[in-house]
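The following explanation leads the reader through selected local features of a single model. Please consult the sequence and the coordinates alongside the text.

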Amino acid sequence: MSHEIRNLEPKALWNKFSDLNAVPRPSKKEERVIAFMMEFGKKLGLDTIQDKVGNVIIKKPASSGMENRKTVVLQSHLDMVHQKNNDTDFDFDTQGIEMYVDEDWVRAKGTTLGADNGIGVATIMAILESTEIKHPAIEALFTIDEETGMTGAMGLEGGMLEGEILLNLDTEEDDEIDIGCAGGIDVTAEAEYDEEEVPESSVAYTITVKGLNGGHSGMDIHKGLGNANKIMNRLLFEGFDNFGLQISQIKGGSLRNAIPRESVAQVIIAQVYDDAFVYDMQQIVNEIKTELATTEPALEIVFEKQEKLPAKVMPPVAQFYFVRAMYAAHNGVYRMSADFDDLVETSNNIAKVEVGNGKLSIQCLTRSSVESSKMDLANALRATFELMGCEVTFSGSYPGWTPNPKSEILDVLTSIYEKQNGHQANVVACHAGLECGILGTNYPDMDMISFGPTIRGAHSPVERVSISSVQKYWKFVLEILENIPQK
């Protein structure tokens with residue numbers, strides 16, 4: 001289907017997106033895409049460098065007549081979130097993304113698409129390659145590892161860039177211009193426990209929660225979507241309290257920045273409770289599916305009896321504290337912003353839960369546009385998990401991006417948007433983690449803004465990007481470059 005994508009308009013952008021999506025580029029494994037970008041810049045004869053952490057910077061002089069305009073930094077990140085459906089046979093480390101057109105959308109076959117932030121990268125590549133687009137001097141900044149730590153943005157040293165304006169192309173609503181974002185921190189709880197033998201006359205079950213939408217743990221956290229880890233714990237809590245269910249293993253979720261779509265648990269119950277257990281749990285399943293019928297119509301919760309018993313299980317005392325701590329741990333919106341309508345200020349995503357072989361791990365991503373609120377929620381989670389005996393660590397903390405409503409480049413963008421579309425753009429702050437706040441620590445005087453085309457379902461296998469929106473966005477980008485203020 002590559003030719004189908006390459007024939008879309010604007011062809012320059014879609015061809016670069018197709019080239020990029022042929023290169024495996026998981027977070028923390030960006031060696032191939034870094035080499036790809038280095039080769040791209042050098043083939044164009046442009047000044048191309050790789051900094052010490054792996055970011056790629058390509059500099060292009062101003063087009064004729066634009067030399068007196070301010071230098072612009074065009075910025076996007078090279079890595080992409082890797083998520084696939086359980087029934088999709090795909091190796092992100094070796095295969096390129098398989099794309100197809102579905103009416104007004106470009107999608108991937110059973111995996112994430114990489115439009116986040118591949119469309120931004122492809123946009124910059126098309127501009128760098130063009131000999132016709134009018135633009136000021138450009139510094140193209142391609143950062144690494146945005147999705148799992150922001151280490152590219154954090155590692156970018158001061159003095160590498162001279163630009164006065166930064167255009168971040170990583171926003172996912174084409175009628176929005178973003179001037180602020182949330183910061184984040186990883187909260188990890190870990191503990192060990194002494195396993196015990198499986199009691200005699202036990203019955204084993206595999207419990208599977210699947211079919212959830214998943215999504216971006218920042219942009220989608222307010223949508224009432226199901227969290228597979230919280231749903232699974234609800235089942236385990238009821239089974240433990242009512243029937244003495246014991247856990248052998250749990251594997252739920254995968255990435256901190258993705259709302260978990262699936263969870264699988266291996267459990268046992270006493271054989272005497274078998275019929276009652278199946279009946280009672282089905283009532284709970286029905287309740288959960290009714291509660292989530294609107295937001296999660298494809299939710300499936302399956303109980304499968306297993307012939308073979310597991311070797312070991314979690315003892316009742318450890319399990320008592322585990323299921324209660326998981327129940328108490330906050331997931332979802334914690335506080336809405338008092339300054340921006342309908343903006344989530346602070347939230348948490350219980351992203352990944354692993355239990356088995358005498359060890360347990362609970363991984364969360366806490367976000368907030370207010371640093372003190374971020375730490376308040378992180379400490380609430382810490383207290384919850386410490387009460388069950390976990391060692392809790394904080395890591396990967398990064399700052400939010402404080403809005404500047406008096407930005408000069410904001411005036412340029414809002415004026416152009418209204419002229420092109422006949423109505424005003426929505427000037428917003430978002431709950432996702434953009435790199436602008438981090439980049440601003442070493443470049444405090446840089447005027448920053450973020451925008452992009454409409455992308456749906458980022459960080460999940462239903463990720464898709466609107467073709468008509470990309471066309472609208474491309475037209476917007478080109479006129480912005482023509483109207484960059486003078487030095």
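Glu391 belongs to strand E21, which covers residues 391-398; helices (H or I, at least four residues) and strands (E, at least two) are DSSP runs numbered from the N terminus. The model is predicted, so local features need pLDDT of at least 70 and side-chain atom pairs count only at pLDDT 80 or more, while totals for chains, interfaces and linings use all residues. Residues are numbered from 1 along each chain as its sequence is written, and side-chain values use heavy atoms, with hydrogens and water left out.

Glu391 has 59% relative accessibility and therefore counts as exposed; buried means under 20% relative accessible area, exposed over 50%, and partly exposed in between (1.4 Å probe, protein chains only). Thr393 also lies in strand E21, and counts as partly exposed because its relative accessibility is 34%. Leaving aside residues up to four places away in sequence, Thr393 touches Asp186, Val187 and Thr188, where contact means heavy atoms within 4.5 Å. Thr393 and Arg382 are 11 residues apart in sequence, and their C-alpha atoms are 8.0 Å apart.

Two peptide bonds are of interest here. The bond joining Glu9 and Pro10 is cis, with omega about 0 degrees, and Pro10 is in the loop between helix H1 (2-6) and helix H2 (11-21). The bond from Asp116 to Asn117 is also cis, with omega near 5 degrees; Asn117 is found in helix H4 (residues 115-129).

Met150, although not a glycine, has a positive phi of about 60 degrees. Met150 counts as buried because its relative accessible area is 3%.
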